[in-house]
Amino acid sequence: MLSSVKQLLTDHGSGGLFSALSIFPKSTKFEAQDEEEKIILLLRPHFVTNVWWIILTIAMIFVPLFWTELPVISFLPDNYLFVLTLFWYALILTFVFERFLMWFFSVNIVTDERFIDVDFYGLLFKHVSVAQLENIEDVNYFQKGVMAAFFNYGDVLIQTAAEITEFVFNKVPNPEKVVKVLSELIAEEEREALEGRVR
Amino acid sequence: MNYLVDLGLLSVVRIFLWALLLMFIIFSLVVVRQVQLMSRVLEVPISGGLKLVALGLLVFAVGIFIISVVVL
């Protein structure tokens, strides 16, 4: 059933665990996945979208070297500076971990039956939207900016007839291919419906 | 006189640091819980590793608090 989709993706490797575009990812499951349901694409924002916080982290690492230059802190004795430095590095570690989690778990999943958009906003709020492939009315993508053009990522927009009418897969790599795969899956769903093979 | 002012100021800084560290411990607990919830939404082979990292951060946060109580 998925051979046509596989054909579309032959020139692309399956993608590793940390890939922003995983094809038929192994050992990956999502909440409420049906037994027979297969994950075709697992998408995250392109890795290059993480560069801003990586640069910020590198800059933050060197801040304690300038403690004594800061008037508010310079008067503190060494033991206070020691604790403050430990705290600072703990904050950096937490920041890096939190940013990684946001990137790693905010995914778009395309299966052979539906697509799922999981968004985490900060650590305390998540938003999960699901729509059936048969409800898709229109799929398109756009790339904006030099970075998007250079690294080939963009936003995939999906219009549906479902309750939520618009889904956006943010900054996913190779958006053209994602749109092609989605179009192929929609066509396959239509063929299934015509032939009465609907699960 | 200046010494007494400094001493008072240091007490304020110490209490402020302890309060920050306590809040950081609570935040680390939230991170541990959040990783559990995230791993439920998406099960991946490294889920166990991520939980360990979150626990490590919590231990680190508690460790810094203990160090601060001893050192300050």
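## Buried positions in α2(B)

Which residues of α2(B) are buried? In this predicted model, they are Ala54(B), Leu57(B), Ala61(B), Phe65(B) and Ser68(B). An α-helix has 3.6 residues a turn, so residues three or four places apart point the same way.

The helix itself covers residues 47–71 of chain B, 25 residues in total. From first C-alpha to last, α2(B) reaches 36 Å. That is close to the 36 Å expected at 1.5 Å a residue.

## A helix from chain A alongside

Helix α4 of chain A spans residues 78–105. Its axis and that of α2(B) come within 10 Å. They cross at roughly 170 degrees. An angle over 145 degrees counts as roughly antiparallel, so α4(A) is roughly antiparallel to α2(B). The crossing is left-handed.

On the α4(A) side, the contact is made by Asn79(A), Phe82(A), Val83(A), Leu86(A), Phe87(A), Ala90(A), Leu93(A), Thr94(A) and Phe97(A). On the α2(B) side, the residues are Val53(B), Leu57(B), Phe60(B), Ala61(B), Ile64(B), Ile67(B), Ser68(B) and Val71(B). The residues of this contact divide into 14 nonpolar, three polar and no charged.

Leu57(B), Ala61(B) and Ser68(B) are buried, and they belong to the contact with α4(A).

## The wider interface

How many residues of chain B are in contact with chain A? There are 26, and they meet 24 residues of chain A. Three elements of chain B each supply at least two residues to this side: α1 (2–41), β1 (42–43) and α2. α1(B) gives the most, with twelve residues.

This side of chain B divides into 22 nonpolar, two polar and two charged residues.

Terms used. Residues numbered from 1 in each chain as written. Chains lettered and ligands numbered in written order. Predicted model: local features only at pLDDT ≥ 70, side-chain atom pairs only at ≥ 80, totals over all residues. Helix = DSSP H or I, 4+ residues; strand = E, 2+ residues; numbered from the N terminus. Expected span 1.5 Å × (residues − 1). Buried ≥ 20, exposed ≤ 12 C-beta atoms within 10 Å, placed from the backbone. Axes fitted to C-alpha atoms, helices over the stretch in contact; angles between N-to-C directions. Parallel < 35°, antiparallel > 145°, perpendicular 65-115°, else oblique. Left-handed = near helix turned anticlockwise from the far one by under 90°. Contact = placed C-beta atoms within 7 Å. Nonpolar A, V, L, I, M, F, W, Y, C, P; charged D, E, K, R; others polar.
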